[in-house]
Amino acid sequence: MDLDLARQAQDGDESAFAEIVRRYSPRVFSVASRFFRQRSLVEEAAQEVFLKAYTQLGSFEGRGSLEGWLTRIATNTCLNMVRSSKRRPESTVSDLTDDEQSWLDQHSVGDGGRSSVESSLVATDLADRLLSVLSPEDQQALLMIDGEDASIKEVAEATGWSESKVKVRAFRARKKVREAMEKLLGRKSKQLNSAAD
Amino acid sequence: MKDRHITEILDNASMAALSESELNEVRAHALECGPCRSAYEAARMSAVVLKSRAQTAIEPSPFFQTRVMAAIREQREVESVPAIFRLWNSAKVLVSSMALATVALGALSFALPEATPDDQSLSAYSAESVIMGQSADDQMTYEQVLSTIYEDDDDAR
């Protein structure tokens, strides 16, 4: 089915490629959203992915799924875009905002806090702070495994890395993120203590 | 078992992937070990924020498919033009302006007369032209004739 669609698109059938875009753009957007939070950047990356896919349709042999093939193109395209752009400044050690501090307070007592849109935005900001200490590749591995519950094998397939490389990246990333979070929590306790004094 | 630090367990797999026995071991150790307690707390919080980050996927807009197809058509049109024409399209403004400048310079150099400085008007006459080519319209004064002849003689010596 996927292979037929790919072949038709390769033969110049525009509606076949439009169907590929319609069917798999949510998946490509989901991959690009791991790397970028701005809609404009996500759309730019997704468009680049489909343009590449269009020119490389001949290399899709139908051994795996078209979705998997597009996921791999999306991952590599986004990694290249992140590498070629300026790295974000590492902001993990900077002071916590009031929102972030109250989010950590709510979640550190173990009640899970309120799950509102605002709360998840604060959590997402905190995650970006933590992820900024990692390389784009390590971010990718950690977000897929710890964020999306993907298996080592799935990450290896999506990225083209070996499974052992994925394991090493995930281990290293998890350790760095945990240490960065410990710093934030330590800073939070210090801020609370100094406020009490 | 309780004496073993738990950071390796925490870093080795996601919190969701830890087995019940591993979690029990971690919790039991964290109760008695201060550094491991903060490590466990940080790992738990990290897992929560990473889950939240992973859920913020942006949905494609309704116009995305149209935009992609338009970009593909544009790309196809560009590729259908031979490379030499593509090169010409990108360089034609520069080449045209250079050609125009060359033509303008050429026209100016032919159209404008050559400038002759005034102080050289006397020496422009040679002795021969003075003697042989004098006409009624081109009369020189007596002093001019003499100075031209003797100037040439001085140069010859």
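1. The contact between chains A and B takes 44 residues from chain A and 33 residues from chain B, where two residues are in contact if their C-beta atoms, placed from the backbone, lie within 7 Å. The model is predicted: local features need pLDDT of at least 70 and side-chain atom pairs count only at pLDDT 80 or more, while totals for chains, interfaces and linings use all residues. Residues are numbered from 1 along each chain as its sequence is written, and chains are lettered from A and ligands numbered from 1 in the order in which they are written.

2. On the side of chain A that touches chain B, two or more residues each come from helix 2 (14–35), helix 3 (39–55), helix 5, helix 6, helix 7 (136–147) and helix 9 (163–196) of chain A. Helices (H or I, at least four residues) and strands (E, at least two) are DSSP runs, numbered from the N terminus. Helix 2 of chain A gives the most to this side, with 10 residues. By class, the side has 22 nonpolar, nine polar and 13 charged residues; Ala, Val, Leu, Ile, Met, Phe, Trp, Tyr, Cys and Pro count as nonpolar, Asp, Glu, Lys and Arg as charged, and the others, Gly among them, as polar.

3. Helix 7 of chain A packs against helix 3 of chain B at an angle of about 100°, with their axes 9 Å apart. Helix 7 of chain A is therefore roughly perpendicular to helix 3 of chain B. Axes are lines fitted to C-alpha atoms, for helices over the stretch in contact, and angles run from 0 to 180 degrees between N-to-C directions; angles under 35 degrees count as roughly parallel, over 145 as roughly antiparallel, 65 to 115 as roughly perpendicular and the rest as oblique. From helix 7 of chain A, the residues A:Leu142, A:Leu143, A:Asp146 and A:Gly147 meet B:Ala47, B:Leu50, B:Lys51, B:Arg53 and B:Ala54 in helix 3 of chain B. The residues of this contact divide into five nonpolar, one polar and three charged.

4. Helix 7 of chain A is largely enclosed by the rest of the structure, because 10 of its 12 residues are buried. A residue is buried if 20 or more other C-beta atoms lie within 10 Å of its own, exposed if 12 or fewer, and partly exposed in between, with C-beta atoms placed from the backbone. Among the buried residues of helix 7 of chain A are A:Asp138, A:Gln139, A:Gln140 and A:Asp146.

5. The largest nonpolar core has 38 residues, and those with the most contacts inside it are A:Leu130, A:Ala141 and A:Leu142. A nonpolar core is a set of buried Ala, Val, Leu, Ile, Met, Phe, Trp, Tyr and Cys residues joined through C-beta atoms within 7 Å. Two or more residues each are given to this core by helix 5, helix 6, helix 7, helix 8 (152–159) and helix 9 of chain A, together with helix 1 (7–12), helix 2 (20–32) and helix 3 (34–54) of chain B. Helix 3 of chain B gives the most, with nine residues. Leaving aside neighbours within four places in sequence, A:Leu142 is in contact with A:Leu134, A:Ala170, A:Ala173, A:Arg174, A:Val177 and B:Leu50. A second, separate core of 28 residues includes A:Ala9, A:Tyr24, A:Val28 and A:Phe60.

6. B:Ala47 is found in helix 3 of chain B and is buried, with 21 other C-beta atoms within 10 Å. Not counting residues up to four places away in sequence, B:Ala47 touches A:Asp146, B:Ser14 and B:Met15. The C-alpha atoms of B:Ala47 and B:Met15 are separated by 6.6 Å, although these residues are 32 residues apart along the chain.

7. Most residues other than glycine have a negative phi. A:Asp149 is partly exposed, with 13 other C-beta atoms within 10 Å.

8. Chain B has seven helices and zero strands, and buried residues make up 16% of its 157 residues. Chain B averages a pLDDT of 80, and 76% of the residues score at least 70; pLDDT is the predictor's confidence in each residue, from 0 to 100. Among the elements of chain B, helix 6 (residues 127–132) has the lowest mean pLDDT (61) and helix 3 the highest (91). The model scores ipTM 0.82 and pTM 0.70.
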